[in-house]
There are 6 protein chains.
Amino acid sequence: MSSTDRQSSAVNPVVYVTRIQSFCSAHRLNSGSLDVQTNGQTYGKCNAVHGHNYKAEVTVRGAVDAITGFVVDIAILNDIIDETIMKTMDHKNIDEDVPYFRDNHIVSTAENIAVYIWKAIAERLPKSVSLDSIKLHETDKNVFVFRGEFV
Amino acid sequence: MSSTDRQSSAVNPVVYVTRIQSFCSAHRLNSGSLDVQTNGQTYGKCNAVHGHNYKAEVTVRGAVDAITGFVVDIAILNDIIDETIMKTMDHKNIDEDVPYFRDNHIVSTAENIAVYIWKAIAERLPKSVSLDSIKLHETDKNVFVFRGEFV
Amino acid sequence: MSSTDRQSSAVNPVVYVTRIQSFCSAHRLNSGSLDVQTNGQTYGKCNAVHGHNYKAEVTVRGAVDAITGFVVDIAILNDIIDETIMKTMDHKNIDEDVPYFRDNHIVSTAENIAVYIWKAIAERLPKSVSLDSIKLHETDKNVFVFRGEFV
Amino acid sequence: MSSTDRQSSAVNPVVYVTRIQSFCSAHRLNSGSLDVQTNGQTYGKCNAVHGHNYKAEVTVRGAVDAITGFVVDIAILNDIIDETIMKTMDHKNIDEDVPYFRDNHIVSTAENIAVYIWKAIAERLPKSVSLDSIKLHETDKNVFVFRGEFV
Amino acid sequence: MSSTDRQSSAVNPVVYVTRIQSFCSAHRLNSGSLDVQTNGQTYGKCNAVHGHNYKAEVTVRGAVDAITGFVVDIAILNDIIDETIMKTMDHKNIDEDVPYFRDNHIVSTAENIAVYIWKAIAERLPKSVSLDSIKLHETDKNVFVFRGEFV
Amino acid sequence: MSSTDRQSSAVNPVVYVTRIQSFCSAHRLNSGSLDVQTNGQTYGKCNAVHGHNYKAEVTVRGAVDAITGFVVDIAILNDIIDETIMKTMDHKNIDEDVPYFRDNHIVSTAENIAVYIWKAIAERLPKSVSLDSIKLHETDKNVFVFRGEFV
């Protein structure tokens, strides 16, 4: 009996696997749709270039393989995170170095960074798992979660 | 096109924003519906006056504004938390100083404190966001979440 | 009016109560369904005996009792956790000392440990609460959640 | 050769062993030497009854036993901490329930609590170790260390 | 007997008080004494503009006042930290916005930031305490301490 | 003027640099100098094979280079930690896989692991820095520091 056969039985538990990755980036909050004064009023001290040790929690959902006991090989998840988060944003200026933000003039709020990470990871995941959520800690006190919902 | 217009389009991502606030309060667990002996049996060492560094995670849910990239101005959320949590409970005795508990003879369990915070914050939130959950850490080991559900 | 009467009214808030417990165990990842080489390829360095400070977050869901203000007496939850986690796995070799894994040849991945804890705790809970989730931190970076779902 | 013999040789490494213990207490800052107004000015919001999840780090210093590899049996250290911290201050009102503070009219600042813990533990330690420091976290942001120094 | 009198007696305990403050800054590592290639080799990915959630632990040392039980009014320490750390570096680009680094062409390594904080705080402290150490967490894994020593 | 020249001037600040590394190992406490019963009494539940997520804080002390602003290139420190901690102990059974413990019949207490890390790192450090301390967290509650002292 193959792993696939056993996975398709009705008794495989579903587990949510979270991999946590920290990265250090510079950014500023400044909207091209707003004038200087409104940017200052809207973003306050975040209108200046500053930076964070961001912490991203990437959570995927899938069935536990009956043979290996894994939902997903963490190394695969790690490679995807390395490509989409570390190589793209770590020790970079998000507004200047990440094409998604720079070319689309998207403000690098934590909300938009979480959405960006979702999009970048979702298209690279193996089919056996689905993306559940991206949780982004901007600081110890401000945390943002995107679950792929739109209105 | 105004921000409101763009928000009403079908492509705005929904993000959950959490603001974390610590506060230090004294309390004791003692029910006016129970006699002294039953209070002692029910609450154990928590029947004596003691205290905690509570940590509250206030999570709201809303669409990301297409102009500002914000779900909500954290400063507004902070003001609401300051009024409902900090001014009301921080460095206070919850049983004696918070009218909700004192006047209604509600036992200041973490469960009831989470419900209290929910009620106090829900009525002050701007209409653009909805309250998702109150997560209250009483200690590093005991955590309580209220999501506005009733039975 | 008894506590039961008041609990059955429509106004009791539902709160999720989490108790967090750390434990230290040794294990290795090795599947009896795989040959030596495939085990090495599948599990990498985790194919050797090593160990972790696991951290389990046990979350139950229930109505807040109108008299006591409790969803559940934490001492009862603690006793269940002590029996199912601490006495069974703490300072043990999971593969050799825990019958569930040893006798059923189940690989001690974090996924399967989370499922095991769910099963062991679910059958011992008082009827007033239901099990919501088991969150298992294998390390600071790898976290696994089981919510009782199967596919 | 006995353990004592080997310990007295010149090659035993000296290790500092820290045991960390949390406790929950209520207190207020109010000095019997100051009038009401000065107390209010001196202690601000801490002049009201409130509480904390304190965290104490008790560090002892001693030679590593050549046979057991221990500086001290942690269970002995734990018993001393249980007696001096947990039974005395946990889930208590420090100002009213701890004789050292109540009877001597000592203000329960974190400084004085650290000194109290030092005195209580120092006189109970086995002779093979010496007390190195008491580190008391009042909150995540305020930390106090006493090393037995006086001026 | 005045507070000063009592402080000068031989029985006042000495306590180390630490205040912890987080701040978010952008910076890059680039030395004006090195050419472009050597800067790249020396600083690697830190040669690009990025940022951190720094965490500074400011520790002062002083006698516990016999009347108030304080080594120092934390509010005073807080004001000094606010002026020297928060207003100067938080949500700023250290290399461009902090005169100490910009005007003296000092590379904004964590080592030099710790030295800068020491110098800025030392000259503002009240005479009753002395500066013991500045501990700067650049990330969760890299920590730097300056104790005022020079060689 | 070379970097070496400037380092030898009297104005270079001395900074303590800490690199923190986690590792996962299995072990048991069992002394070849003790019989089975005494081992059981001495080590309790630690006499069985179990494991930990250890966390090591390696602190070195050195002058800040006037050109680079570094005490030491963290990459060099990392390589040494990788060789002495990660390759030697991570995902290993310390008692069986680490020659220092296996061949010398040294009990793998946290005290002895800290001493082992000290010895392994001290002989590999560049001459510009000296080893200050090894801090080993066995769990969140038990921490051990070795500073190279012997009695």
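Modeller: Start with contact, which means heavy atoms within 4.5 Å. Take Thr109(E): leaving aside its neighbours within four places in sequence, this residue is in contact with Leu29(E), Thr68(F), Gly69(F) and Phe70(F).

Biologist: What should I know about the model and its numbering?

Modeller: This is a predicted model, where local features need pLDDT of at least 70 and side-chain atom pairs count only at pLDDT 80 or more, while totals for chains, interfaces and linings use all residues; side-chain values use heavy atoms, with hydrogens and water left out. Residues are numbered from 1 along each chain as its sequence is written, and chains are lettered from A and ligands numbered from 1 in the order in which they are written.

Biologist: Where in chain E does Thr109(E) lie?

Modeller: Elements first. Helices (H or I, at least four residues) and strands (E, at least two) are DSSP runs, numbered from the N terminus. Thr109(E) lies in the loop between α5 (99–104) and α6 (110–122) of chain E.

Biologist: Is Thr109(E) buried or exposed?

Modeller: Buried means under 20% relative accessible area, exposed over 50%, and partly exposed in between (1.4 Å probe, protein chains only). Thr109(E) has 1% relative accessibility, so it counts as buried.

Biologist: How many residues does each side bring to the contact of chain A and chain C?

Modeller: Chain A brings 22 residues and chain C brings 22 residues.

Biologist: How do I express the size of such an interface?

Modeller: Interface size is often given as the accessible area lost when the parts come together. Buried area is that loss (1.4 Å probe), summed over both parts. Between chain A and chain C about 2,000 Å² is buried, with 55% from carbon and sulfur atoms. Tyr16(A), Ile67(A) and Phe70(A) supply 27% of the area that chain A buries against chain C, more than any other three residues.

Biologist: Which charged side chains meet across chain A and chain C?

Modeller: Look for a salt bridge: a side-chain nitrogen of Lys or Arg within 4 Å of a carboxyl oxygen of Asp or Glu. The rule finds one across this interface. It joins Arg61(A) and Glu149(C), at 3.2 Å from N to O.

Biologist: And polar contacts?

Modeller: A polar contact is a pair of N or O atoms within 3.5 Å; within protein, one must be able to donate a hydrogen and the other to accept it, and residues adjacent in sequence count only if both atoms are side-chain atoms. Across chain A and chain C there are 13 residue pairs in polar contact, both at pLDDT 80 or more. On the side of chain A that touches chain C, β1 (13–27) and β2 (50–63) each supply at least two residues. β1(A) gives the most, with eight residues.

Biologist: What kinds of residues make up that side of chain A?

Modeller: Ala, Val, Leu, Ile, Met, Phe, Trp, Tyr, Cys and Pro count as nonpolar; Asp, Glu, Lys and Arg as charged; the others, Gly among them, as polar. The side of chain A that touches chain C divides into 15 nonpolar, five polar and two charged.

Biologist: How do strands pair across chains?

Modeller: Two strands pair if DSSP finds at least two bridges between them. β1(A) and β5 (residues 142–150) of chain C pair in the antiparallel sense over six bridges. In β5(C), Asn142(C) is the bridge partner of Arg19(A).

Biologist: What happens between chain C and chain B?

Modeller: 22 residues of chain C are in contact with 22 residues of chain B. The two chains bury about 1,900 Å² between them, 55% of it on carbon and sulfur atoms. One salt bridge crosses here. Glu149(B) and Arg61(C) form it, at 3.2 Å from N to O. β5 (residues 142–150) of chain B pairs with β1(C) in the antiparallel sense over six bridges. Val145(B) stands opposite Tyr16(C).

Biologist: How many salt bridges does the structure hold over all chains?

Modeller: There are 30. Among them, Asp90(A) meets Lys45(E) at 2.7 Å, N to O. Asp90(A) lies in the loop between α3 (74–89) and β3 (92–93) of chain A, and Lys45(E) in the loop between α2 (36–43) and β2 (50–63) of chain E, so the pair joins two chains. At 6% relative accessibility, Asp90(A) counts as buried.

Biologist: How far apart are the closest C-alpha atoms of chain B and chain E?

Modeller: They lie 14 Å apart, and no contact joins these two chains. Chain B and chain F do not touch either, with their nearest C-alpha atoms 11 Å apart.
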